[in-house]
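Work through the following exercises with the structure open beside you, and try each task before reading its solution.

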Amino acid sequence: MHGRPRKAPKPEDEAASAAKAQKLRALQTQFFSYHHNKIYTKEAVELSAKLLDINPESYTAWNYRKLAVEHCLSQPDSDADSAKFILDHELRVVESALRQNFKSYGAWHHRKWVISKGHSSIDNELRLLDKFQKADSRNFHAWNYRRFVAESMNRSEQDELKYTEDMIYTNFSNYSAWHNRSVLLSTLLEKKAEGFLSKEKVLPEEYEFIHQAIFTDPDDQSGWFYHLWLLDQTVKADSPLLISSWPAHGSDVQLVDRCHNNSAFSPFTTLHSDSGSFPIVLYFNQPVEGVSSSTVTVESGFNKSEDLVWEPVSVSNSQAAKVWVTHLKFPTSELHFPVEVSVGHSKGITSARGSQYSFSSVFSFKVHVQPIKKDSSQGSVAESFLWGEENFKVYGIQSEESIPILSFDQLSIRNDPEPTVSDWRAEALSKEIECFRELLSLMDCKIGKLTLARLLMAYDAMSFSCANKLSHSEVLELYSDLMKLDPSHYQYYKDEHNLVVLKQVTSSRESLLKHCFQYTNSVPLTIYSPICLRLNNLSLSRMGAFEELLWVQMLDLSHNELQSIEGLEAMQLLSCLSLRNNKLRSFTALDPLRKLKSLRVLDISYNHIGEHFIDTTRYLCASPLSHSVGSEWNKDETVIGDVALINYWDAFLIFKELNLKQLDILGNAIADEKFKSVLVKIMPALKRLDGELLG
Amino acid sequence: MSDLPPYPPIDPTTFDLIVIGTGLPESIVAAAACTASKSVLHLDPNPFYGSHFSSLSLTDFPSFLTSQSHASASSPSPHSNTHHDFTVLDFSTRPLYSSLDISNFSPHLLNQHARKFNIDVAGPRVFYCADKSIDLMLKSGASQYLEFKSIDATFLGDDKGNLLTVPDSRAAIFKDKSLGLMEKNQLMRFFKLVQGHLAGEEGVKISEEDLHSPFVDFLNKMGLPPKIKSFILFAITMVDYHQEDVGVCRDLLKTKDGIYQLALYNASIGRFSNALGALIYPVYGQGELSQAFCRRAAVKGCLYVLRMPVTSLLLDKDNGCYKGVRLASGQDIFSKKLIIDPSFTVPLPVGSSLPHPLQEKLPLSSLKDDRVKVARGICITKASLKPDMSNFLVVYPPRSLFPEQVTSIRLLQIGSNLAVCPPDMFVLYISALCDDDDQGKKILHSVMNTLLTVPDSIDSESNSAVQSETAESGSVLQNENAESSFTAQSNTREGKPTSLWSALYMQELTSGQVEFICSTPMPDGKLIYNDLIDLTVKLFHEIYPDEEFFPKTSTSENSGDDGDISLET
């Protein structure tokens, strides 16, 4: 059934299929005339059976039969007996069609339809299924139908689970059986059926079971699929968790103007604000809904918690997001006040799967407001921000100059005490890690390496507060190996490799400080942050570790291999961003920027925007044709001057929402004079474009 | 003998080939010769088909073995020895079985069912689904007369009576509870290596040097642990001798042959979709196989006469060439070629100077070490050695039962669903190679004592070759003491099944030869028929060098049958 090479048809086969087609055409013409004229005589119905016998894929014929059955059942002389007779006949027609092709969607669906009428014995169905599943144990149609039958006859999940086990013992290379097992276990766990009270008990047994398959034949994929599901079940926290925030717990936030004489505060937590408010950012481990003034309380002297509006930071405009932001107003006079934020004290924050946020977390920080002096820097409006190397110096040098840096851990918050449920998870993961290290010691196995890398990272993510952080070098080595071993999936491994690199960079104060630079040039008025995180020249193809980087206001990602900046919307404080010399191919790839309301300086020069006629990301991202952005796209705005905006709708959607002062776009195929003139019109506040001062 | 009907006369009296004895090699040659349009007369002095390959009832079994346990001169030829045209040489039989020891611990129970048994004389034997005998059955059409069932499992046994499942397939490795994860991985990878090598897969190649080195060295080189080595060597490639002790090993397996055996085994799994594993067994016993070939031969025109002893060989007076045989009926039948059962010998008259043109021909194969015999044992029980399982194979590797055990011992349990015994009974076949009778007996007793409760032998009837004259009546004599002692112990002692009946015997090994006359080989010590079939094909080609052995037919006769056998599940 499986793994048989296709043979070229022999001449006599072709002749036979031509004869079949001839016969089919004749039948079909007659059939359509019956169908259109709604003729449901015995003869007409028989004809459709004949047609289906030759071609079980004929959906129209199945639908016709449904109509015919409905017609017969609606006759005044129809009673239960005649209905049963008619429906039993339908079952026979389906069975004979399935003998022709046991993977006919139409036939299986028709059978479901007939059985749902409730006149036929369902016990017979299991016998039929046994026959089909014996003929091909991987026939997913049969498995699908089996789930339907099992549910209809209230067969217990335990019995069905046993059935999957039997099938797996016959031949464990059976995706359908493993899949059904995962479905059944999910149901049993959800129901908390006897013997399936907790994952803690069930999953280790399943790991044990799947190991038998994986170790016996690591080349067989079906087992790995199930293992991945188990891993997901192990890692996935049932309830959402707040893992990071800005401002961080215990930090002192300084809201200032340009003068930075006050060396009592860390530049990491110094923020300029010209709107009289500053953001509070919550970062959850999974997308959540329901963050609002009723689920999150903010205690400060100046804002009423209930007045705060929490917004999801999500590119897709969905109501579920990992990152939520609100803006806290502060007075213009000099002031120091504490803020305490409590999350999850009352119910309402839920994950996409409906789990409640169940660990209440509190974090607090102090805010120091220094009134902004408006006079001194009026003239510097057009001062430009320069990304050049000479404008940065390593922050470490200054750190000797007694500038106190907050302990790194305070940059992000940790829920304390650590939820205890993850004990068994960590234990399960470390067992798996041991297991796969052993497998790899025996043989080279790509999927084994990938699994081990995933396990190590999952373990790393789980044991964040513990001292036993893993070294990332093992994972990096695994991904490097995989890039060599499996070049067809190079990009995926590279992305994963990047994420690990970023984790490594952000994992300690020392490693992060190596990437923190001080901007030495004079800073434009709108920007106040002396610290720039420079992750340039790392050949990054993907950005990550956002939960550790919520504080970043200046980010240099130039000279990397980024094709996307997915997730960057989490960095709500970002005001200067360089994406110079990357591999961005379209404006839709810049979609996350729309959510960065503080962004003032953007460098996207020397990318590939406009180079490719077909923007593949358009098919994946929101466009004016999809509903998510429909409201923002106003037809009236489609022409600016003589330029049809429709040609630049993607650029329009990004830049219209940004409040940029400085933009560098040269070195992209799209950046011609016509386009630049459009940009200037879209962004009236823009002061500099490609270094040129705008009038 | 006297109450037998008078021998019918045979007509015609001249054939291309006369075959005496209906053992498997004789039956195959007869069928092949008929298929090649030869006229064949197939005779057997016994009233049943199969000779040394037959399956017999509990009453026929002792009498056959007894009759074959001593040398005897043929009864004098009914006619004068001096014929005007021929030299007449009388056949005699040679002893092929020794140390025959049959014990009936439950005569009352067994005798009422005696006819319901089909006891294999040459047990234990099975088929690998992909072995040569299956191919031959399909090719010859003999398969249509046979029906098979799967052997459920293979085990490796130890001296404690434990049976360890042999993980012989992907599914079995997956399911096995005794192997560690690493061992599963190693074993499966080794299977794949062998399959990949034989399939000529890219990058999978066993080096020429490895192929010619001992298989056990290759297994060591692949880092396989001792347990897995045992599985592969003794339960899958079925070697007889300890492979790592050069002093005692007489069948050192080369890697080349080892992987061939392994591949044969692997190919057997899944060859027939409704077979559970690699091994199958014929319903009604192994004797069916000889019969199937005889039926095949009969369809092709072979003439069969059973219960027909042959007394003498007729040779040309002038040149000493073979002319024909004289039957017990006194009739002389002539043929160009003759094949005889290994029981028969022709003692040449002393000082004979007959020219023997056939003697120039080489023996079929180099004679095996003639010191080696096969120790065979059969037991009947009322309980399976393994609950919930009725048909299975157990292998005891060398030294697994006692330190001096040099060869592996194989045990096959067959239950009533294969129609070899009455319901709820089981027949156990044991065999091992041995150097002499004492060693053979020791082997058989050690297996039986490990797995079975054997009632005190004082109560049993002991038949040795010496007592053979009285054996037939003796074994059916009811011994009241034995009966009552059995009833007292009918419930298994120490949880082991009790032996109701047992037969132990040592069988000579002959490899068959083409000399003065052609004789066929005795059953060998192997579990499958591959070697015997090779010898048989050779024999056929010796006598008919220009004929094809079962040529592929284009007739409709078995054309619809593209290689399936009748397998009951």
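Angles under 35 degrees count as roughly parallel, and those over 145 as roughly antiparallel. The model used in these exercises is a predicted one.

**Exercise 1.** Decide how helix α4 (residues 80-100) of chain A and helix α6 (residues 123-135) of chain A are oriented to each other, and which residues meet.

Solution. Begin with the geometry: the axes of α4(A) and α6(A) come within 12 Å and cross at roughly 5 degrees. Since angles under 35 degrees count as roughly parallel, α4(A) and α6(A) are therefore roughly parallel to each other. Next, look at the contact itself, where A:Leu91, A:Glu95, A:Leu98 and A:Arg99 of α4(A) meet A:Glu125, A:Leu128, A:Lys131 and A:Phe132 of α6(A). Sorted by class, the residues of this contact are four nonpolar, no polar and four charged.

**Exercise 2.** Describe how helix α14 (residues 446-462) of chain A packs with helix α15 (residues 473-485) of chain A.

Solution. The first step is again the pair of axes, which come within 9 Å and cross at roughly 150 degrees. Because angles over 145 degrees count as roughly antiparallel, this is the description that applies to α14(A) and α15(A). The crossing of these two helices, α14(A) and α15(A), is left-handed. On the side of α14(A) the contact includes A:Leu450, A:Arg454 and A:Met457, while on the side of α15(A) it includes A:Val475, A:Tyr479 and A:Leu482. By class, the contact of α14(A) with α15(A) holds 10 nonpolar, no polar and five charged residues.

**Exercise 3.** Repeat the analysis for α14(A) and helix α16 (residues 490-506) of chain A.

Solution. Here the helices pack at an angle of about 30 degrees, and their axes are 12 Å apart; α14(A) and α16(A) are therefore roughly parallel to each other. Their crossing is left-handed. A:Leu450, A:Arg454, A:Met457 and A:Asp460 of α14(A) make the contact with A:Tyr492, A:Tyr493, A:Val500 and A:Lys503 of α16(A). The classes of these residues are five nonpolar, no polar and three charged.

**Exercise 4.** Characterise the interface of chain A and chain B, including its salt bridges.

Solution. Start with the residues involved: 22 residues of chain A are in contact with 15 residues of chain B. The area buried between the two chains is about 1600 Å², and carbon and sulfur atoms give 61% of that area. Within chain A, the residues that lose the most area to chain B are A:Tyr169, A:Thr216 and A:Leu442, which together account for 41% of what that side buries. Finally, the rule finds four salt bridges across the interface; one of the salt bridges joins B:Lys192 to A:Asp217, with the closest N and O atoms 2.5 Å apart.

Note on methods:
Residues are numbered from 1 along each chain as its sequence is written. Chains are lettered from A and ligands numbered from 1 in the order in which they are written. This is a predicted model: local features need pLDDT of at least 70, side-chain atom pairs count only at pLDDT 80 or more; totals for chains, interfaces and linings use all residues. Side-chain values use heavy atoms; hydrogens and water are left out. Axes are lines fitted to C-alpha atoms, for helices over the stretch in contact, and angles run from 0 to 180 degrees between N-to-C directions. Helices (H or I, at least four residues) and strands (E, at least two) are DSSP runs, numbered from the N terminus. Angles under 35 degrees count as roughly parallel, over 145 as roughly antiparallel, 65 to 115 as roughly perpendicular and the rest as oblique. A crossing is left-handed if the near helix is turned anticlockwise from the far one by less than a right angle, and right-handed if clockwise. Contact means heavy atoms within 4.5 Å. Ala, Val, Leu, Ile, Met, Phe, Trp, Tyr, Cys and Pro count as nonpolar, Asp, Glu, Lys and Arg as charged, and the others, Gly among them, as polar. Buried area is the accessible area (1.4 Å probe) that two parts lose on being put together, summed over both. A salt bridge is a side-chain nitrogen of Lys or Arg within 4 Å of a carboxyl oxygen of Asp or Glu.
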